[in-house]
Amino acid sequence: MDDTARERRWFWATLMLSSITVAAVVFSAWELLENRFFRGADYITLHYLYITRGILSSLLLAIWAGWYVLRQRRRSEEELRRSRERYRGLLEVSPGAVALYDDSWRVTEWNAAAERLYGFSKAEVLGQFLPTVPPEKEAELRGFLTQVEAGRPVLDVETLRRDHRGICFEVQLSLLPFREAFGRNFFLEVTGDIRERVRLRQRLLEIEKLASMGQMAAGTAHHLNTPLAAMLLRIQMMQERSHHGPCAGDLDRLESGLHFCQHFVQRLLEFSRRAPVDKQPQEIARTIESVVSFFAPSVLAKRARVALEVSQVNGQQVLADRNLLEALFSILLNNALDAIAPGGAISIRCRTIAPAHLEVQIGDDGCGIAPADLPHIFEPFFTTKGPGKGTGLGLAIARNIMVEHGGSVRLESEPLKGTTVFLELPLYRTVAAEVEVPA
Ligand SMILES: Nc1ncnc2c1ncn2[C@@H]1O[C@H](COP(=O)(O)OP(=O)(O)OP(=O)(O)O)[C@@H](O)[C@H]1O
Ligand SMILES: [Mg+2]
């Protein structure tokens, strides 16, 4: 017997018993009155008295029963209201996005977390077809619903859902059956955003892949270095011998190919470098100036204009490996020089930012990066420069260097307008500087 049936029985039993009690009290009172005041009454008077007694008792009983039933109903309504409020409250505070829908996928409940996660307001989705299932996941959901109906709940599965902009993202989903008192079947879907978890997992896989690739690359590069140098030397000797000979053009091409191979090997070694870093306080403005002056011939060859604004950070230091810092700025300057047209502009700006960080912006007015390429530019070996021109390792090395120094690198770009790289590094503060109190 379920709770409602038990409650109903209990209600009727108390109503009957209390009505019998009321009737017994009324009759006893009546008997006492009769004994006291109508002992000598004649038959007709007694007859009227019985009729009146019958009518009054029935009226009293009806009033009693009516009041009792009404009171009970009010209590049940109040209880129902409270339990609804409790259930709503639970739904609202639930950290997971909760959607309750029937077997035709019409939404009947939608909590605040679901509003936040999917961007659909409750008013928008109530009574509507569940809007968060991407078309390619509809068959999967149908399978889940069949499984749930067969009594096997779906717990913590990873799948995709889409938000109000139609953007798909990873969620962890649990699906449970929900049966209402009057027999309707509902499904309770609880989802949580796992984008960050998936991203970290992918990053971890990437790191593992890179680590093994790095080991392999280091070995290969190491073995290629010596024969490459020997080949280059031999070609240069041949060039000297047949200066204007028939093979001069071929030798030039061979030389530039070998230079690229050497550059590639160098980059591979930098990328897979496992040597310990030697971090010392470095004045960032001076490091940038020295790298820029090193690039003067390339800048001149391209008739580029380089605007350097580092005065804001004069005297500011970062704790870094000098060689790595120079490699970092060389990679970024190289990219900017490759991207600009002859006569183009490059700007390097530095400033301090809170909390105790330093930002370096390296901007150019070059070709920019296509939006489709942007997500891949930090991937090792991703290049748009064509075979024999770019290794695609520059930005991957730059990112490794930044991570190694507790900093970060990001890039903004607009095709045909230019690119800006933002580097953020923690400032080096000596203990003396930290305890220094302004006068
Ligand atoms: N300043 C920039 N302007 C336009 N595109 C850029 C810029 N910096 C990077 N890119 C794009 O990002 C890609 C990856 O750059 P990365 O430095 O990793 O490799 P690369 O420059 O192609 O090769 P390498 O560094 O060995 O010369 C480039 O091929 C280019 O498409
Ligand atoms: Mg590069």
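Colleague: Which residues of α7 are buried?

Modeller: In this predicted model, the buried residues of α7 are Val-265, Arg-267, Leu-268, Glu-270 and Phe-271. Buried means that 20 or more other C-beta atoms, placed from the backbone, lie within 10 Å of the residue's own. Helices are DSSP runs of H or I with at least four residues, numbered from the N terminus.

Colleague: What covers them?

Modeller: The cover includes α6 (195–241), α10 and α11. Contact here requires C-beta atoms, placed from the backbone, within 7 Å.

Colleague: And at what angle do α10 and α11 pack?

Modeller: The angle is about 145 degrees, and the axes are 9 Å apart. Axes are lines fitted to C-alpha atoms over the stretch in contact, with angles from 0 to 180 degrees between N-to-C directions.

Colleague: Which residues make that contact?

Modeller: Among them are Leu-324, Ala-327 and Leu-328 of α10, and Gly-394, Ile-397 and Ala-398 of α11.

Colleague: Turning to ligand 1, how many residues surround it?

Modeller: There are 24, and the closest are Ala-339, Thr-383, Gly-390, Thr-391 and Gly-394. A residue counts if its C-beta atom, placed from the backbone, lies within 6 Å.

Colleague: Which helix gives the most to that shell?

Modeller: That is α10, with four residues. Both α10 (322–339) and α11 (394–404) supply at least two.

Colleague: How are residues and ligands numbered?

Modeller: Residues are numbered from 1 along each chain as its sequence is written, while chains are lettered from A and ligands numbered from 1 in the order written. Local features need pLDDT of at least 70, side-chain atom pairs count only at pLDDT 80 or more, and totals for chains, interfaces and linings use all residues.

Key:
A residue is buried if 20 or more other C-beta atoms lie within 10 Å of its own, exposed if 12 or fewer, and partly exposed in between; C-beta atoms are placed from the backbone. Two residues are in contact if their C-beta atoms, placed from the backbone, lie within 7 Å.
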